[in-house]
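I opened a notebook for this protein chain. The entries below record what I looked up, in the order I looked.

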Amino acid sequence: VHFPDTERAEWLNKTVKQMWPFICQFIEKLFRETIEPAVRGANNHLSTFSFTKIDIGHQPLRINGVKVYTENVDKRQIILDLQISFVGNCEVDLEIKRYFCRAGVKSIQIHGTMRVILEPLIGDMPLIGALSLFFLRKPLLEINWTGLTNLLDVPGLNGLSDTIILDIISNYLVLPNRITVPLVSEVQIAQLRFPIPKGVLRIHFIEAQDLEGKDTYLKGIVKGKSDPYGIIRVGNQIFQSKVIKENLNPRWNEVYEALVYEHPGQELEIELFDEDPDKDDFLGSLMIDLIEVEKERLLDEWFTLDEVSKGKLHLKLEWLTLMPTAENLDKVLTSIRADKDQANDGLSSALLILYLDSARNLPSGKKINSNPNPLVLLSVGHKAQESKIRYKTNEPVWEENFTFFVHNPKRQDLEVEVRDEQHQCSLGNFKLPLSQLLESEDLTMHQRFHLSNSGPNSTINMKIALRVLSLEKQARSPDHQHSAQVKRPSVSKDARKTSFKPQVPVSPPPDSNKPVPASPVTDSDKKTDTAEKSQPPNASPQWPTDLSRSSSSLHASNFSYSPSHLSVKEPTPSIASDISLPIATQELRQRLRQLENGTTLGQSPLGQIQLTIRHSSQRNKLIVVVHACRNLIAFSEEGSDPYVRMYLLPDKRRSGRRKTHVSKKTLNPVFDQIFDFSVSLPEVQRRTLDVAVKNSGGFLSKDKGLLGKLLIPLASEELAKGWTQWYDLTEDGTRPQGAS
């Protein structure tokens, strides 16, 4: 794909190559002086964590293209987008001495678009006050681990998996997280660390018409309806609508509010799906450039869905400007009916932006003469967020940003409580009526606030700003016709998904799995309980999802997850749910004979699967990592859509089934998914692991079938140590031979 406004920059690559040894020195310092102490302090179990070797490798980062923005930017800033690729043979070894655990990283790949903002520009050398770096959307990240299963056995880490770790790292690289490097000492760095969003996008997700009917009956003779729902993304904020049952013209009438930190470049992405018991069918997508929405201020129109033959979606989009004055507040309150409504939630009239700097002279908590582990709980109405924990100090420095949507600042309060995480007790609190901010200059306060129920001189330093959300309509002539610029997926979406590794999807396809519907959650960091309850009991451990569900909880978190790594829905049992039947084996033999057709197919005609198998006595579980398959047979001209299904025989109940995601159109899928079975070591040695690689087709579809099987008796003395091995797939799973 050729982007005319993106330029090659070989001179930049030559410069980076020359600087690479010094960049590596900086990265090593970052690991040792920042990351290592942070990991040690995060958890008691990790107090002996250390890096034993850090070598970033000789292969420098490559910049494939540079785009410089000249329109819609502030005159005091320069915005560059760098398309970066890093494929490095690194060696990073780490050790946790307390658990005799060693692990490491052999190689890292990262591909994505990094935005560099040079601001403010100043009339003195070096002309640039500071530099900000971040990724606009999650980069493609691949890490080749060594000893990962040992690491995931350490207490405090045993709820993680490699995909979750990648998701956490990726999200730390994406807005609103940014790296700010001051270049001039006089620059007000606090101003750069207090990023005010460019605007708020209010999305009225109204209705759709003429959607495709995906549910069919009687082997497709009778066309049914769909159970549609939508997933809406702005940056890393994700919202999911309710499901409307059996309706091709659904009305949702839901409203979401999302922060927009950066445009140009940010888009509103919407995907519609049909909820199904096994896998959700794709009903269409839409991408809208936010520059267009900002220009129009208010868009209320029907959009034709992309990537499908029919269907359209009715959206009303409002671009809300953040105003530093309260003169429009009464008008805004009337427009969202907050003047009559006593409730603390609903549509927002203002945004509260908060920079939590530090605290001083905190009391020692329960134990006298011992320093506390302070964290701060912040809440406005039903919405609460909490800061990171700072360890063993009564003068903590946080330097964190928070945002809250506010329904009515005249009636609501900001409540702040400093707590000691170690002893679960309060170290002080205060309440600030937001009406005080309305009387402040620029609706901003920056000061030390005295804490009540605390020490005599205990204070907390914060900068707090209120911004009124105003829909300023631009005056335009009556004959002015407008329509938002809809991005066609041929450039924006497909190019993004396939620009680096076309043969392996960057994330599972939209219909292979879907987010677990989470009920409205109001606490941004304490979501674990709610999210865990909403997961199927058989899913491999997953990080809590962060999907705001409805307008009653309009909460855009800084830390959302893309649906690619959320729990896969367990299909309900059906006639076609398990195809490890004699008839499937016969079909596979027949297909093999057709493939052979007079030629020799070699040692492993059905291909191979790579598994890591070990028993963890500490967790009393059999752990199976499904890494990848290679040289699978093609099910159709387009290849296969493989996934892996496992049982621990003799248990073939639905609750005992484990499944990977589906990898589309590939004969060499990479899964890297961890599964566990609760079973003791003596018991597991009497069991057999039944592994089937299958092709995913539609419900009762002729394209569904078996690609190969494997039966592994687990009566091995090596099970406690574990092993990683390539196995040959066969028609019925007998005679499994280790390939390597």
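**Entry 1: the whole chain**

I counted the secondary structure of the protein chain as 11 helices and 34 strands. Helices (H or I, at least four residues) and strands (E, at least two) are DSSP runs, numbered from the N terminus. I noted that the model is predicted, with pLDDT of at least 70 needed for local features and 80 or more for side-chain atom pairs, while totals for chains, interfaces and linings use all residues. Residues are numbered from 1 along each chain as its sequence is written, and side-chain values use heavy atoms, without hydrogens and water.

Of the 740 residues in the protein chain, 53% are buried. Buried means under 20% relative accessible area, exposed over 50%, and partly exposed in between (1.4 Å probe, protein chains only). I then looked at contacts (heavy atoms within 4.5 Å). Among those between residues at least 6 apart in sequence, 69% join residues at least 24 apart.

**Entry 2: the cores**

I looked for nonpolar cores, meaning sets of buried Ala, Val, Leu, Ile, Met, Phe, Trp, Tyr and Cys residues joined through side-chain atoms within 4.5 Å. The largest has 45 residues, and Phe51, Ile56, Ile63, Ile96, Leu151 and Leu160 have the most contacts inside it. Strand E5 (residues 101-118) gives this core its largest share, seven residues. Domain 1 (10-188) and domain 4 (582-593 + 603-729) each supply at least three residues to this core; the domain bounds come from an automatic or database domain assignment. Another core, of 35 residues, lies apart from it and includes Leu362, Leu443, Met462 and Leu466.

**Entry 3: two helices**

The expected span is 1.5 Å times one less than the number of residues. I found a kink of about 55° at Trp20 in H1, shortly before Pro21. The bend is the angle between axes fitted to the seven residues ending at a residue and the seven starting there. Trp20 is also one of the buried residues of H1, as are Cys24 and Phe31. Their cover includes strands E1 (49-55), E2 (62-69), E3 (78-88) and E4 (91-96).

Helix H3 (residues 162-173) has 12 residues and reaches 17 Å, close to the 16 Å expected. Nine of the 12 residues of H3 are buried, so H3 is largely enclosed by the rest of the structure. What covers these buried residues includes strand E7 (140-146), helix H2 (148-151) and strand E31 (670-678).

**Entry 4: single residues**

What does Val624 touch? Leaving aside neighbours within four places in sequence, Val624 is in contact with Leu611, Thr612, Met646, Gln673, Ile674, Phe675, Phe677 and Leu689. Val624 is found in strand E28 (residues 621-630) and is buried, with a relative accessible area of 0%.

Phi of Asn253 is near 50°, and Asn253 is partly exposed at 48% relative accessible area. Leu443 has a phi of about 55° and is buried, at 3%. Leu443 lies in the loop between helix H7 (435-438) and strand E25 (444-450).

Last, I noted a cis peptide bond between Leu649 and Pro650, with omega about 10°.
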